[in-house]
Amino acid sequence: MRHRQARGAAGLALSVALTLSAITGCAAPAATASVTILVAWSGTELTAFKDTVIRGFEAAYPGTTVQVESTRALETELDADLQQGDPPDIAALPSIGAIGQYAAQGALQPLDGLVSSRAYGQPWSTLIRPQPGGPIYAVPVKADVKSLIWYDPQALRQDTPGTRLPATLPQLATLSQRLSRAGYPPWCLAVSSPPTSGWPGADWIADLLLASDGPAAYQQWADGQLTWTSPQVTSAWRAWNSLTGPGGGIDHGPASALTTTIGSVHPSASGCLLSHGTYVDQGFPASARYGTDYAFFPFPSASGAIQVSADFVGLFRATPAAASLIRYMTSTAAQQAWVGYPGADGFSPSSQVRPSAYPSPVTRSIAALLTSGRELCFGAADAMAPDLGAAFDHAVLWDLAQPSALTKTILPGLARVPAVGGGPASVCGKPA
Amino acid sequence: MPGTAQSTGLARRCYQRAHPVTWLRWLRAGALAAVAAAVALAWLETTQAHQGISLATERGVQAVADVAAAQQELQLANGKLTAIFAAGAVVLTGPGQAYTTAVASAAQDLVLAAGDNVAGPVGGDQIQFAEGQLSTYRDQVNQATADGAAGDPVLAQAELGYATTLADALATDLRQLGLAELGTVNASLTSRWQDPAIQWLLPLAPLGILLALAGWTSYVLAAGFRRLLSLPLLLAVITALAFAAVVATANGHDSQHASRFVHQIISALPAPPAEFTTAGPDASTATSALALLAAAGLAACAAILAVASYRPRLLEYRAPA
């Protein structure tokens with residue numbers, strides 16, 4: 001009897017011990033779990049991310065904290081971290097070329113099973129696999145539309161009465177020339193964005209190639225099959241020079257564009273009248289009203305294809321908390337909260353997020369372009385190998401400073417930069 | 001005097017619950033435990049306070065100085081670089097020897113800061129980030145120099161502007177890093193272990209119990225042995241109080257001295273951070289080692305006296321051989 005009592009007591013003690021160890025062993029790590037994420041966002045973009053996605057995640061996963069590290073030189077920082085064997089858990093990368101390189105190095109963890117490509121239409125569902133048919137290594141969490149031309153409706157009506165918005169490239173060139181001849185500087189351009197200065201010009205040239213030669217040529221160029229010295233690419237650069245070159249239409253001239261910070265110039269009655277690029281990079285003041293003080297039209301293109309960009313998140317450390325954060329970031333609820341944040345000015349690549357989720361008429365109009373059935377082409381510079389993308393950006397600076405060197409030095413120089421092949425199957429595609 | 005009579009009655013009832021010898025044995029153990037507790041708490045306070053002092057004075061202040069030096073070298077490097085470009089000498093000299101030396105020193109300062117970092121993983125991340133930014137800055141300068149050497153002054157000037165933007169951003173990052181290191185130094189020097197109230201309270205609290213035990217011992221001696229006072233016990237209490245005073249004074253002195261030392265170092269930096277909160281300079285020096293040795297002697301004396309004070313009365317009750 002005493003023996004049985006002793007065994008009962010021992011069993012009870014063991015149960016208590018196991019319960020305690022379960023509580024301390026399972027609950028404690030969750031209470032101290034943390035995730036680090038490296039991003040290149042700043043200002044309102046960063047605040048929106050923290051206030052919606054991070055706050056929502058930390059509320060959904062109590063005890064898990066997220067440390068957001070923001071850097072202007074994301075790839076440099078990430079390379080240094082990887083070299084020291086201390087990468088962040090997650091990084092948000094705008095370049096699929098870089099994603100391909102990190103995947104090839106074995107630095108990125110596959111995301112199959114964590115996210116599904118079915119949540120995304122084309123081209124996203126293709127871009128997330130650096131190798132055609134290979135594992136998913138990154139997932140887009142934030143997109144933007146680059147093929148936009150911004151203008152001040154009142155100023156444009158006043159300066160060129162009767163002008164219709166251009167629907168073709170020749171019409172755009174004509175408008176630019178008319179404004180220039182009338183004494184108005186047509187184009188706003190700012191390319192200073194250290195350490196990646198020049199990219200707004202690269203986006204513009206990519207749009208010119210896409211508009212004039214279509215998605216197939218654009219795809220070949222991004223793949224490295226269409227060389228930098230080819231007639232199509234040379235023609236796109238020349239078209240850009242005719243819009244922006246000497247005697248052309250940049251407010252205060254190309255040298256000024258080199259030293260002007262991105263976001264510090266935008267169309268207005270007192271300055272330049274047109275600008276190219278994403279909404280967030282225009283830097284319109286908060287008091288400006290869409291439709292009255294500024295408006296946009298899609299970059300004129302025969303095919304209707306538009307150039308887009310995205311930030312992809314990649315997993316560098318496969319911890320449960322990091323995996324949970326990626327799953328949460330890509331959820332429809334988080335995406336809707338993120339794009340709905342006033343001033344976030346970003347767009348969701350997820351086909352589940354509808355234009356009505358966007359908080360302002362301008363963001364709703366841009367979001368509608370993403371789901372309008374137009375072919376979407378990922379930014380060529382971001383699809384190229386990082387070295388080539390950086391060379392492209394620098395070539396833009398060089399061309400602004402010395403346009404006469406275009407065919408003699410700049411394009412042959414770009415053609416000599418090794419283009420690492422084997423990227424995603426396609427950078428263009430029509431969303432379902 | 002009903003209150004006095006009542007408390008006297010309570011003391012008597014309490015006294016009668018055990019034999020006087022039992023009481024004395026308990027009281028002897030209690031007195032020893034009180035002295036031991038005072039020593040333990042004084043030891044805890046001293047080690048914790050000195051841990052903070054070491055962190056601040058040995059590595060923390062050095063980390064702040066390393067970061068400030070990196071900031072200064074970066075400013076110098078960019079100034080020299082701008083001068084080379086302004087003089088149009090970049091074609092022949094490249095960025096110049098002065099730039100090269102200053103930027104290499106800045107990189108070295110960041111390596112030293114990584115070794116001295118006291119701001120934990122946050123500080124480590126910030127240093128790593130600053131190193132990356134410095135590398136980006138150097139790449140940008142190399143690009144500007146290459147464009148300048150290639151005879152493209154417009155582009156070279158634009159690239160120089162980009163490099164200056166990066167240098168300014170890095171200077172801001174370094175300032176944040178310096179403040180993070182300084183924050184840890186400040187936290188170490190203003191923690192509760194450096195608080196004079198805590199420094200006195202911790203060793204004195206058990207001695208309050210010792211005092212109470214001495215009072216009860218006097219009652220037991222008076223009631224059971226017709227004696228009023230144990231002189232060794234009184235000496236034990238006084239010695240223990242002296243021990244507490246020596247330890248608290250020595251720790252307080254070391255805390256203040258550390259604050260002043262750190263202040264002197266940081267005030268001498270080229271651009272001392274304004275957020276430093278400790279007192280002004282002082283020429284006094286630390287004497288803690290000697291004081292703590294004296295304290296150890298006093299604690300041992302207190303313990304011996306406490307044991308010795310109970311011995312004669314306990315011997316009276318020992319059974320004859």
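Chain A holds 16 helices and ten strands, where helices (H or I, at least four residues) and strands (E, at least two) are DSSP runs numbered from the N terminus. The model is predicted: local features need pLDDT of at least 70, side-chain atom pairs count only at pLDDT 80 or more, and totals for chains, interfaces and linings use all residues. Residues are numbered from 1 along each chain as its sequence is written, and chains are lettered from A and ligands numbered from 1 in the order in which they are written.

**Exercise 1.** Locate A:Leu38 and explain why A:Leu38 is buried.

Solution.
- Step 1: A:Leu38 belongs to strand β1, residues 34–39 of chain A.
- Step 2: A residue is buried if 20 or more other C-beta atoms, placed from the backbone, lie within 10 Å of its own.
- Step 3: A:Leu38 has 25 other C-beta atoms within 10 Å, so A:Leu38 is buried.
- Step 4: Leaving out residues up to four places away in sequence, A:Leu38 touches several residues, among them A:Glu69, A:Leu78 and A:Ala91; contact requires C-beta atoms, placed from the backbone, within 7 Å.

**Exercise 2.** Work out which strands stand at the edges of the open sheet of three strands.

Solution.
- Step 1: The order is β6-β5-β7 in chain A, with antiparallel pairing; two strands pair if DSSP finds at least two bridges between them.
- Step 2: β6 (274–276) and β7 (295–298) each have a single partner strand, so these two strands stand at the edges.
- Step 3: Four bridges join β5 (residues 148–151) to β7 of chain A, and A:Ile149 stands opposite A:Phe297 in β7.

Methods:
A residue is buried if 20 or more other C-beta atoms lie within 10 Å of its own, exposed if 12 or fewer, and partly exposed in between; C-beta atoms are placed from the backbone. Two residues are in contact if their C-beta atoms, placed from the backbone, lie within 7 Å.
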